[in-house]
Amino acid sequence: MRVELCTNRLVLRTAEPALAPAVLAYFEENRAHLAPTSPPLPADFYTLTGTERRLARAEEELAHERQVPFFVLQGKEVIGTVNFNQCCRGVFLAAYVGYGIGHRHEGRGLMREALEAAIGHMFDERGFHRIMANYLPTNERSGGLLRRLGFVVEGYARDYLFIAGAWRDHVMTSLTNPDAPPPVV
Ligand SMILES: CC(C)(COP(=O)(O)OP(=O)(O)OC[C@H]1O[C@@H](n2cnc3c(N)ncnc32)[C@H](O)[C@@H]1OP(=O)(O)O)[C@@H](O)C(=O)NCCC(=O)NCCS
């Protein structure tokens, strides 16, 4: 089911094909900005049909709660992404989070505002217990943001993800929810 979250300055909406033009405009504008933290992208990544197909697939993943993919909007403009992936229930009740904000919108506390709302949804509405976020050791902005949100460093993973053309080390962090209900098994 589609979800919409409102904060003081933002609206977060889960993936749906109707967002494709705004999503594509966001990725096109921020191609260079996002490149240092990007995984390999499919050949049709910067096309409307490819974007529509990926949004339809993400909506399907949401229906099964394998993924909770949010787009961050100001008015009709997509300015960022917050994506919970590899959502796992059972006794783990955990998900990984990935995020990014457009270069024109950095440095205003908007990503923090978006992440607080999205994590609140995962904890309070969906009952998740752990959110994990991993960042490149050189990505000080991301490390600072996670610290401000209360994420705690848990380790250092060598050659962890294939990012920007190479296997790269990552700092591993997590935030836990002490109020999560016991898992339903
Ligand atoms: C990592 C990233 C999301 C951080 O974005 P950000 O805008 O710096 O993060 P925040 O929302 O926490 O904003 C913090 C900044 O806003 C400032 N700010 C201004 N108004 C603010 C407000 N009302 N509330 C909070 N902070 C505010 C803070 O002082 C801080 O500024 P500083 O960076 O100069 O110290 C962004 O750099 C990005 O998208 N990078 C590319 C993709 C990426 O790295 N993704 C993460 C992969 S792990």
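1. Two strands are said to pair if DSSP finds at least two bridges between them. Strands (E, at least two residues) and helices (H or I, at least four) are DSSP runs, numbered from the N terminus. By this criterion, strand E6 (residues 130-135) and strand E8 (residues 166-176) are antiparallel and joined by six bridges. Within E8, Ser174 is the residue opposite Met132.

2. The model is predicted: local features need pLDDT of at least 70, side-chain atom pairs count only at pLDDT 80 or more, and totals for chains, interfaces and linings use all residues. Residues are numbered from 1 along each chain as its sequence is written, and side-chain values use heavy atoms, with hydrogens and water left out.

3. The strands form an open sheet of eight, in the order E1-E2-E3-E4-E5-E6-E8-E7, and the pairing is mixed. E1 and strand E7 (152-163) are its edge strands, each pairing on one side only. On average, neighbouring strands of the sheet are turned by 25° against each other, direction ignored. Strands of a sheet pair through backbone hydrogen bonds, either parallel or antiparallel.

4. A hairpin of four residues connects E1 to E2, and Cys6 stands opposite Val11 in E2.

5. E2 also pairs with strand E3 (residues 68-74), again antiparallel, over four bridges. Here Arg13 has Phe71 of E3 as its bridge partner. Which residues of E2 lie on its covered face, and which on its uncovered one? In strand E2 (residues 11-14), Leu12 and Thr14 make up the covered face, while Val11 and Arg13 make up the uncovered one.

6. Helix H4 (residues 110-125) lies across E1, E2, E3, strand E4 (77-88), strand E5 (94-101), E6 and E8, and runs at about 35° to E4. Such angles run from 0 to 180 degrees between N-to-C directions, and axes are lines fitted to C-alpha atoms, for helices over the stretch in contact.

7. Helix H1 (residues 20-29) packs against helix H3 (residues 48-63) at an angle of about 115°, and their axes are 9 Å apart. H1 is therefore roughly perpendicular to H3 (a term for angles of 65 to 115 degrees). The contact (heavy atoms within 4.5 Å) involves Ala20, Pro21, Val23 and Leu24 of H1, together with Leu48, Thr51, Glu52 and Leu55 of H3. Of the residues in this contact, six are nonpolar, one is polar and one is charged. Ala, Val, Leu, Ile, Met, Phe, Trp, Tyr, Cys and Pro count as nonpolar, Asp, Glu, Lys and Arg as charged, and the others, Gly among them, as polar.

How values were computed. Buried means under 20% relative accessible area, exposed over 50%, partly exposed in between (1.4 Å probe, protein chains only). Angles under 35 degrees count as roughly parallel, over 145 as roughly antiparallel, 65 to 115 as roughly perpendicular and the rest as oblique.
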